[in-house]
Number of protein chains: 2
Amino acid sequence: MDASLAANRNQAVAGALFDELVRAGVRHVCVCPGSRSAPLAAAAAGTPGLRVFSLLDERCAGFFALGLAKATRLPAAVVCTSGTAVANLLPAAVEASHARVPLLLLTADRPPELRGWGAPQTIDQLGIFGPCVRLFVEAPLPEPSGAGLRHARALAARAVAAASGRPPGPVHLNLPVREPLEPAPGPADGLAALSLDDPDAARGRAERPWLRAEAAPAAPAPGALARLAARLRSTPKGVIAAGPLDADPALAAAAARLARLAGWPLLAEPTSQLRRGAHIGEGPLLGAYDAFLRDAGFAAAHAPDCVLRLGAPLTGKPFARWLERHPRAELWLADPDGGFGDPTHRAVEVLRADPGLLCEGLCQVLARTPDVPSAERRPSPWLQDFLEAERRSRRALASALAAEKALLSPRLVVELADALPEAATLFVSNSLPVRDLDGFLPVGRRSLRVLCNRGANGIDGIVSSALGASAAGARPLVLLTGDLAFLHDLGGLLAARRHGLDAALVVVNNDGGGIFSHLPVAAWGEAVGFEALFTTPHGLDLSHAARLFGATHDRVTGWEELRAALARALAGGLHLLEVPVDREADLAHHHALWRAVSEALAAPGETP
Amino acid sequence: MDASLAANRNQAVAGALFDELVRAGVRHVCVCPGSRSAPLAAAAAGTPGLRVFSLLDERCAGFFALGLAKATRLPAAVVCTSGTAVANLLPAAVEASHARVPLLLLTADRPPELRGWGAPQTIDQLGIFGPCVRLFVEAPLPEPSGAGLRHARALAARAVAAASGRPPGPVHLNLPVREPLEPAPGPADGLAALSLDDPDAARGRAERPWLRAEAAPAAPAPGALARLAARLRSTPKGVIAAGPLDADPALAAAAARLARLAGWPLLAEPTSQLRRGAHIGEGPLLGAYDAFLRDAGFAAAHAPDCVLRLGAPLTGKPFARWLERHPRAELWLADPDGGFGDPTHRAVEVLRADPGLLCEGLCQVLARTPDVPSAERRPSPWLQDFLEAERRSRRALASALAAEKALLSPRLVVELADALPEAATLFVSNSLPVRDLDGFLPVGRRSLRVLCNRGANGIDGIVSSALGASAAGARPLVLLTGDLAFLHDLGGLLAARRHGLDAALVVVNNDGGGIFSHLPVAAWGEAVGFEALFTTPHGLDLSHAARLFGATHDRVTGWEELRAALARALAGGLHLLEVPVDREADLAHHHALWRAVSEALAAPGETP
């Protein structure tokens with residue numbers, strides 16, 4: 001709005017802030033109810049180009065905005081009132097920081113003179129998000145002047161630049177306001193003259209943002225590129241491993257081509273976006289490594305000399321254990337933000353480069369070099385072994401999974417992959433579901449966007465995160481989660497009901513934390529309070545949760561029924577698909593699948 | 001346990017820590033599921049004298065512990081795993097800090113060498129609670145030595161001392177552990193010799209805690225006592241006002257006696273614990289001030305010279321507005337922790353004293369002085385006016401409330417007061433319910449413990465806080481909350497189901513945030529997105545929430561039905577009593593009640 005038309009300074013400055021957020025590319029804002037934040041809420045509602053979502057719970061709002069930002073790759077904003085409301089944003093802020101997701105946390109505050117003097121809903125909000133925000137600014141009290149409005153506009157642009165910078169992440173603007181909080185005329189707010197005195201401050205600069213500060217893509221340093229290219233050329237025994245990564249089709253294709261040119265297998269985790277898509281024919285892309293690297297024989301017999309990792313550390317343990325077994329393997333990390341994502345401290349080089357630019361650069365070097373091992377014609381024995389292990393594992397898994405009639409979680413992944421159309425979005429929760437996805441999602445040409453909160457790997461906020469992605473227009477949107485993560489963010493479902501969001505919520509219900517059965521602590525039973533403190537069974541009938549929030553509910557009892565329910569759910573609306581899974585049977589089934597792979601690897605006739 | 005019998009260093013040190021927490025007075029611990037925290041969970045489960053509650057959601061666990069600590073006046077502990085789990089404790093930590101409730105936040109962490117290197121569920125936990133903890137300690141990695149165990153024991157004692165100190169509040173111990181996380185024998189953990197080498201470190205000191213550091217009650221400084229006593233003696237036009245305060249019967253009696261000796265009315269907010277109890281006959285105790293101080297005529301005609309406030313700032317606005325109208329009134333604050341709870345900056349003195357000791361000290365001085373205004377025989381005109389205003393207001397309110405047949409929130413407070421037995425606990429949520437309680441809870445002899453999260457006044461965590469009080473043995477336990485606060489912490493109900501807790505959850509359901517209708521922003525309607533962003537109606541059928549968590553559900557349609565449902569609920573079990581209230585009718589009813597009081601004050605015959 002034109003600040004010279006504003007009723008008071010609060011309205012004028014909040015209006016300028018949101019106007020400029022939109023000019024800087026923000027499209028979505030989540031607003032939580034509150035009184036101190038009223039000028040912000042009203043400004044958000046009155047700003048063209050902004051979709052406003054009202055959310056009750058600030059923790060949910062934080063994760064909802066995270067889902068919006070992940071799905072759109074644009075910064076999403078959250079507005080909340082002062083007090084503990086702000087504290088509830090911390091979990092999403094931590095996740096956004098680690099996952100490098102741009103979030104704008106706009107927190108209303110009492111003016112400085114009321115802080116620390118017992119005013120209600122007044123806490124110390126300065127720096128409350130600690131080291132996890134890229135920028136923290138305590139804004140001045142709104143001033144009805146050209147200078148005050150220019151600052152608000154520049155601050156909005158700068159906040160977006162910081163949130164979208166290197167690395168992207170959350171930004172916290174603490175915004176104090178004095179009364180009036182409603183758009184009543186303020187005392188001596190002489191804003192009317194502004195449209196003549198400082199028209200840009202009042203209305204923004206014509207057809208451009210106030211201030212641009214675009215992030216540049218990180219090109220690989222020439223020396224680092226040359227060092228890695230030399231390694232790729234000289235070392236047949238290497239792998240490329242893709243961990244959690246927001247890869248686009250261009251990067252996916254470049255990574256596959258690089259693997260082909262180098263003659264190295266490409267281990268593609270689903271959360272890297274490389275497991276599925278049109279690029280899979282362009283290189284030796286493997287998806288069954290979680291199973292065959294568990295095989296002690298294969299892992300021992302195949303000592304890598306070099307590993308190039310794209311994205312964050314891989315989710316599954318078998319890959320990490322395989323590297324531990326071969327401590328001389330050189331680990332190279334590609335990270336545009338120069339992160340040191342290597343808890344084993346074995347990395348030899350962090351390539352501070354965009355993975356796509358790095359892979360393309362390496363492909364160019366390798367393609368120019370005449371002595372490239374011509375993997376296209378004749379794979380090296382190393383690559384042959386991996387391709388054969390992949391083939392055998394896939395076959396063993398496929399037949400064992402198809403034979404499994406009981407509802408168990410590994411086959412659920414395959415059923416989802418079959419049911420989901422091209423370019424669907426699958427939000428997957430941490431703990432067992434993301435591991436099952438890694439273990440059992442087949443390689444395929446049909447693309448699938450896989451989102452997961454792999455920044456800090458918490459189970460919190462998963463329903464809200466997924467619904468945020470749906471609100472951003474991801475269609476169809478499927479959430480795959482366990483029952484505990486679902487219950488942890490049960491209240492998140494309110495947003496689906498209030499905003500009419502479409503989502504298929506697939507809940508693997510094993511009545512508690514199934515992952516603990518996979519950990520050594522399980523063997524100690526009552527000595528450690530295993531059932532009461534780790535598994536924590538709840539016995540809830542989730543159909544009531546569905547009814548409360550207006551979702552349909554299917555508790556499926558077989559695969560046919562699951563397919564039918566999924567087909568209905570993917571057509572739109574809000575659906576809860578409960579897949580009851582027996583925890584012990586599921587654990588036994590996982591072990592049986594891994595044994596089947598080991599047996600296939602050891603089978604005579606062909607040497608893997 | 002005897003550390004010399006422990007399987008490994010983690011078990012030994014965690015065991016010593018919990019053993020010493022119990023010796024220092026901790027009786028309750030909330031444990032959230034996690035892997036890194038396994039040694040802590042197992043030690044908690046294995047420590048005699050400790051009740052362990054398993055909670056899924058760390059945010060709920062924080063508030064549940066807050067409720068435990070409030071109800072028992074003892075520090076309660078929370079154990080959680082590393083990562084965003086810790087971030088979820090911040091809302092309760094902020095509330096505990098402002099409300100001065102002793103909480104022990106025991107967060108497991110990865111060892112230092114894994115932090116910042118991309119390990120899963122690893123975030124920067126050092127100082128994550130910022131200025132709201134009284135003590136933060138990053139513990140060393142567990143050491144299987146006498147020195148390591150002595151430190152763990154001393155640390156536990158010190159943490160409890162800090163949490164129970166001046167002022168009480170949360171304490172954060174960050175506890176790194178390396179594997180094994182299960183009680184498997186650790187490499188070279190030569191603990192067996194400890195029982196001979198350092199038996200106290202291994203088993204704790206015989207029949208005493210390792211280290212005592214008891215907080216002393218804060219007696220008033222003699223000079224301050226004399227200054228205030230002189231004021232009380234010389235000033236007839238004074239009031240004593242009791243805001244949120246954990247007053248015991250002795251303080252209540254002393255405050256009432258002081259009011260009688262000084263001839264000052266005592267305005268007793270329900271959250272001060274002074275509104276109801278056997279002490280009410282001992283002094284001029286008023287409970288209808290929220291209504292009569294709203295009356296412009298009464299407020300203008302009665303200019304106080306001096307106000308002594310016990311506890312935190314009062315909840316209702318009429319008292320604050322009355323003081324604003326009379327800026328020369330001297331405000332004295334009694335706060336044992338020397339807090340400056342005065343957002344109007346009008347206080348002339350902060351009495352750093354326990355309110356009970358202060359009132360008793362003042363009573364002694366006043367009783368010794370021969371020229372005390374003999375309020376017992378003949379109240380001053382000032383006191384007479386207040387007593388008359390109280391009488392008229394009570395009568396007007398009682399008859400208007402009794403005449404109201406519709407389900408509206410003011411009469412609900414009266415019905416609750418009638419239904420609750422001696423020494424019941426009423427947990428009340430912020431926003432409208434606590435204001436209604438202040439406005440309409442009658443003064444009475446039957447005691448009632450009123451708990452409310454008035455530290456930072458958030459609506460978050462209210463279900464969990466109330467259930468924590470129930471888990472501590474508060475019987476019967478009634479929660480009075482609005483629908484939005486109830487939904488904000490819906491997942492908190494899981495604890496009631498899992499631990500078989502008794503509670504009557506009375507939800508005033510006006511389908512959204514009714515408080516916003518009381519604020520100026522309401523007048524601006526769609527211009528500020530009023531309905532969508534402030535009121536936020538949801539239309540949920542709460543009976544499904546009750547069924548999900550195994551509570552009975554009554555949606556009452558009249559007062560008889562409410563009484564019957566309350567009677568059933570108070571007998572034990574988990575009950576959701578939904579009281580549907582029309583938002584607009586409720587607002588109009590509040591205004592009608594205040595008008596009725598004004599009319600009663602203005603009635604001829606008697607001058608108020």
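These legends describe close-up views of a predicted model.

**Figure 1. Packing of helix 16 and helix 17 in chain A.** Two packed helices are described by the angle between their axes and the distance between the axes. Helix 16 of chain A covers residues 409-419, and helix 17 of chain A covers residues 432-440. Their axes lie 9 Å apart, and the packing angle is about 70 degrees. Angles of 65 to 115 degrees count as roughly perpendicular, so that term applies to helix 16 and helix 17 of chain A. The crossing of helix 16 of chain A past helix 17 of chain A is right-handed.

**Figure 2. Residues where helix 16 of chain A meets helix 17 of chain A.** Helix 16 contributes A:Ser409, A:Pro410, A:Val413 and A:Val414. From helix 17 come A:Asp436, A:Leu437 and A:Phe440. Of the residues in this contact, five are nonpolar, one is polar and one is charged.

**Figure 3. The axis relating chain B to chain A.** B:His544 has the C-alpha nearest the axis in chain B, at 2.6 Å from it.

**Figure 4. The contact between chain B and chain A.** In this contact, 76 residues of chain B meet 76 residues of chain A. The buried area between the chains is about 6600 Å², and carbon and sulfur atoms give 68% of it. B:Trp117, B:Leu533 and B:Leu548 supply 11% of the area that chain B buries against chain A, more than any other three residues.

Key. Residues are numbered from 1 along each chain as its sequence is written. Chains are lettered from A and ligands numbered from 1 in the order in which they are written. This is a predicted model: local features need pLDDT of at least 70, side-chain atom pairs count only at pLDDT 80 or more; totals for chains, interfaces and linings use all residues. Side-chain values use heavy atoms; hydrogens and water are left out. Axes are lines fitted to C-alpha atoms, for helices over the stretch in contact, and angles run from 0 to 180 degrees between N-to-C directions. Helices (H or I, at least four residues) and strands (E, at least two) are DSSP runs, numbered from the N terminus. Angles under 35 degrees count as roughly parallel, over 145 as roughly antiparallel, 65 to 115 as roughly perpendicular and the rest as oblique. A crossing is left-handed if the near helix is turned anticlockwise from the far one by less than a right angle, and right-handed if clockwise. Contact means heavy atoms within 4.5 Å. Ala, Val, Leu, Ile, Met, Phe, Trp, Tyr, Cys and Pro count as nonpolar, Asp, Glu, Lys and Arg as charged, and the others, Gly among them, as polar. Copies are superposed by least squares on the C-alpha atoms of residues with pLDDT of at least 70 in both. Buried area is the accessible area (1.4 Å probe) that two parts lose on being put together, summed over both.
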